[in-house]
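Hi,

Here is the structure I promised to pass on. Have a look at it first, and then read my notes below.

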Amino acid sequence: MRINENYKNLKESYLFSEIAARVEKFKSENPDKKIIRMGIGDVTLPLPQVVVEAGKKAFEEQAFSETFHGYGPEQGYDFLREAIRDYYKTFGVSLHMDEIFVSDGAKSDVGNVLDLFDKDNTVLIPNPVYPVYFDTNVMNGRKIIFAEGNKENNFLPMPSDEVKADIIYLCSPNNPTGAVYTKEQLEAWVKYALKNGSIILFDSAYEAFIQDEKLPRSIFSIEGAEKCAIEFCSLSKTAGFTGVRCGYTVVPEALEFEGMSLRKMWLRRQTTKFNGVSYPVQRAAQAVFSKEGIEQCRKNIAYYMENAKIITATMDKLNISYVGGENSPYVWLKCPGGMTSWEFFDKLLSEAAVVGTPGSGFGTAGEGYFRLTAFSSKEAAKEAMERLEKIF
Ligand code: MLT
């Protein structure tokens, strides 16, 4: 038996596991300190009531043979896929039901989709970005190149004709920088992909945080994207589903490479390797897209965006430069005093008991930067910023 040697090329632990381990150590050494967590992008507000009711009702249905549900369709129940299709209509994107695949979250699908692609493809990954894109391709042993996000391009790298990439990852609003591509910028990426026969894997997990209506919430707002893109989204941040688990992936019917339909390949993959998301969770997810559900989710997002304002106001006051926080729950700041990302992490943790995420964990171009999330309570956000002011 031989192991997959590519795992030897991974960092020892996943970014957020490493942070959790450091925080646990700090906690055990400082049991009296009240730690404020602004590291992993995990929501804190409870689920909307309409969502809870729908989930409860669906679980109760499982108690009676007349309403009991066993295995569901691997692609997701029609009622949820219809709700997702109608949601996309609200921002001008029309999808067919067959193009929507319900999943347990964007992270799994972003990794699983690699089953469809040859190992010899070259992968273009923004730097900095969500570490899952890099790690999953390292596991597969693919050649990885980077598109650097920096201050000069507002952390929104653009395509270059000098670069040949087969698989391109885009994340907008970006995790970790919070930067959002404009329509024109996404058009340039779609143009590049169509010209080069590449595929765009578009992560829109933070689309619900976009406040500026001119900014695209889906790659499918761009003409031609249906021939070169797959979109991944999640209810984790949109509706507080980090502990419930539900997301969706859109694979257009028009997406064909080498005479093969990627939608059919993905369906084949899912029917073989995935038994679907549970019925109660899909009913709860359906309620997210109801009028009441959308209103409640918007209220929760508005609450988090207020926290983002508290964070950015403090950055302004301390003269610390940053991006994000406007159309995203993340604020991406330059570590003061030329500190490295992990130096800043340690200082913040040891002197203020505040946890953030070191920018270098999102790629080499993140070195010297730091990410704070707006997902805490308002009180915690305020207190964390007061503590920050004290140490700077
Ligand atoms: C993050 O903090 O970047 C996210 O919570 C990670 C995730 O969504 O998996």
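This is a predicted model: local features need pLDDT of at least 70, side-chain atom pairs count only at pLDDT 80 or more; totals for chains, interfaces and linings use all residues.

**What I found**

Let me start with a hairpin: E11 and E12 have 5 residues between them, and in this hairpin Gly325 takes a positive phi near 85 degrees. Residues are numbered from 1 along each chain as its sequence is written, and side-chain values use heavy atoms, with hydrogens and water left out. The labels are DSSP runs numbered from the N terminus: helices are H or I with at least four residues, strands are E with at least two.

**The four-stranded sheet**

On to the next pair: E12 and E15 (residues 369-373) run antiparallel over 5 bridges, with Lys334 opposite Tyr369. E12 is mostly covered, as 4 of its 5 residues are buried (buried means under 20% relative accessible area, exposed over 50%, partly exposed in between, using a 1.4 Å probe and protein chains only).

**The seven-stranded sheet**

There is also an open sheet of 7 strands, ordered E2-E8-E7-E6-E5-E3-E4, and its pairing is mixed. The edge strands are E2 (100-103) and E4, each pairing on one side only. From one strand to the next the twist averages 20 degrees (axes are lines fitted to C-alpha atoms, for helices over the stretch in contact, and angles run from 0 to 180 degrees between N-to-C directions).

At the E2 end, E2 pairs with E8 (residues 247-250) in the antiparallel sense over 4 bridges, and the partner of Val102 in E8 is Tyr248. Helix H8 (residues 262-273) packs on this sheet: H8 touches E2, E6 (199-203), E7 (229-234) and E8, and its direction makes about 30 degrees with that of E2. Touching, or contact, means heavy atoms within 4.5 Å.

Why is strand E3 (residues 122-127) described as largely enclosed by the rest of the structure? Because 6 of its 6 residues are buried. Thr122, Leu124 and Pro126 lie on one side, Val123, Ile125 and Asn127 on the other, and both faces are covered.

E3 pairs in the parallel sense with E4 (residues 143-148) over 6 bridges, and Pro126 stands opposite Ala147. With E5 (residues 167-171), E3 pairs in the parallel sense over 2 bridges, and Val123 has Ile167 as its bridge partner. E3, helix H5 (residues 131-140) and E4 make a right-handed β-α-β unit (right-handed if, with the strands pointing away from the viewer, the path from the first strand over the helix to the second runs clockwise).

**Helices around H12**

The axes of H10 (residues 291-318) and H12 (residues 378-391) come within 9 Å and cross at roughly 10 degrees. That makes H10 roughly parallel to H12 (under 35 degrees counts as roughly parallel, over 145 as roughly antiparallel, 65 to 115 as roughly perpendicular and the rest as oblique). Among the residues in contact are Tyr303 and Ile310 of H10 and Met385 and Leu388 of H12.

The axes of H11 (residues 341-352) and H12 come within 10 Å, crossing at roughly 105 degrees, so H11 is roughly perpendicular to H12. Here Lys347, Leu348, Glu351 and Ala352 of H11 meet Arg387, Leu388 and Ile391 of H12.

Last, Ala225 sits in the loop between E6 and E7. Ala225 is buried, with a relative accessible area of 0%, and it touches Val190, Ile219 and Phe220, not counting residues up to four places away in sequence.

Cheers

Terms used
Two strands pair if DSSP finds at least two bridges between them.
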